[in-house]
Amino acid sequence: QVQLVESGGGLVQAGGSLRLSCAASGRTFTNYGMGWFRQAPGKERECVAAISWIGVSTWYADAVKGRFTISRDNANKTVFLQMNSLKPEDTAVYYCAADLDSGLGARVFAEKADLRYWGQGTQVTVSS
């Protein structure tokens with residue numbers, strides 16, 4: 001069992017930055033791929049970034065490429081999402097998710113339909 005707790009959300013002006021953290025706890029974190037998802041009101045949840053267990057493979061949604069960076073610190077069981085040049089359309093609840101790494105890369109993780117573990121979410125609001 002893996003528990004995930006997100007933090008770092010808040011209100012920021014357009015063009016600003018935020019760094020989200022996702023702390024994992026529980027029996028094991030080894031061999032887990034991780035991803036950040038977001039859901040805006042009235043929209044479906046979408047993956048914005050994913051990272052493999054070792055961190056070599058990453059994937060980003062087109063909407064955030066060049067602005068967001070996903071990273072992880074396996075020793076401290078934490079995954080980060082650095083968000084720069086934020087736009088009002090980035091406003092959403094951001095969730096982190098975890099599941100066993102298939103070894104097929106971060107894009108496969110991002111497209112996986114039934115990820116096993118989810119955090120409770122953190123609100124990000126970008127004002128114009």
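View 1. Read along the sequence, the protein chain runs β-β-β-β-β-β-β-β-β-α-β-β. That makes 1 helix and 11 strands. Helices (H or I, at least four residues) and strands (E, at least two) are DSSP runs, numbered from the N terminus. The radius of gyration of the protein chain is 14 Å, close to the 14 Å from the globule rule for 128 residues, so the chain is as compact as a globular protein of that length. This radius is taken over C-alpha atoms, and the globule rule is 2.2 Å times the number of residues to the power 0.38. The model is predicted: local features need pLDDT of at least 70, side-chain atom pairs count only at pLDDT 80 or more, and totals for chains, interfaces and linings use all residues. Residues are numbered from 1 along each chain as its sequence is written, and side-chain values use heavy atoms, with hydrogens and water left out.

**View 2. The whole protein chain, its extent and its surface.** The C-alpha trace spans about 40 × 25 × 25 Å along its principal axes. Of the 128 residues, 45% are buried. Buried means under 20% relative accessible area, exposed over 50%, and partly exposed in between (1.4 Å probe, protein chains only). The protein chain exposes about 6,500 Å², and carbon and sulfur atoms supply 48% of that area. Accessible areas come from the Shrake-Rupley method with a 1.4 Å probe; for residues, only the protein chains shown count as cover. Among contacts with a separation of 6 or more, 60% join residues 24 or more positions apart. Contact means heavy atoms within 4.5 Å.

**View 3. An open sheet of 4 strands.** The order is β1-β3-β8-β7, with antiparallel pairing. β1 (2-7) and β7 (68-73) stand at the edges, each with a single partner strand, so one side of each has no neighbour in the sheet. From one strand to the next, the twist averages 15 degrees. Its axes are lines fitted to C-alpha atoms, for helices over the stretch in contact, and angles run from 0 to 180 degrees between N-to-C directions.

**View 4. Strand β1 beside strand β3.** The two strands run antiparallel, and 6 bridges join β1 to β3 (residues 18-26). Two strands pair if DSSP finds at least two bridges between them. Ser7 has Ser21 of β3 as its bridge partner. Gln3 stands opposite Ser25 in β3. The covered face of β1 holds Val2, Leu4 and Glu6, while Gln3, Val5 and Ser7 form the uncovered one.

**View 5. The disulfide of Cys22 and Cys96.** The structure holds 1 disulfide. A disulfide is a pair of cysteine sulfur atoms within 2.5 Å. The sulfur atoms of Cys22 and Cys96 are 2.0 Å apart. Cys22 lies in strand β3 and Cys96 in strand β9 (residues 92-100), so the pair ties together parts 74 residues apart in sequence. The torsion about the S-S bond is about 50 degrees, so the disulfide is right-handed. Cys22 is buried, at 0% relative accessible area. Cys96 is buried as well, at 1%.

**View 6. Ala110 and the residues around it, including Cys47.** Ala110 lies in helix α1 (residues 106-111). Ala110 is buried, with a relative accessible area of 11%. Leaving out residues up to four places away in sequence, Ala110 touches Phe37, Cys47, Ala50 and Trp59. Gly33 is 77 residues from Ala110 in sequence, yet 9.5 Å away in space, C-alpha to C-alpha. Cys47 is buried too, at 9%. The sulfur of Cys47 is 11 Å from the closest cysteine sulfur, in Cys96, too far for a bond.
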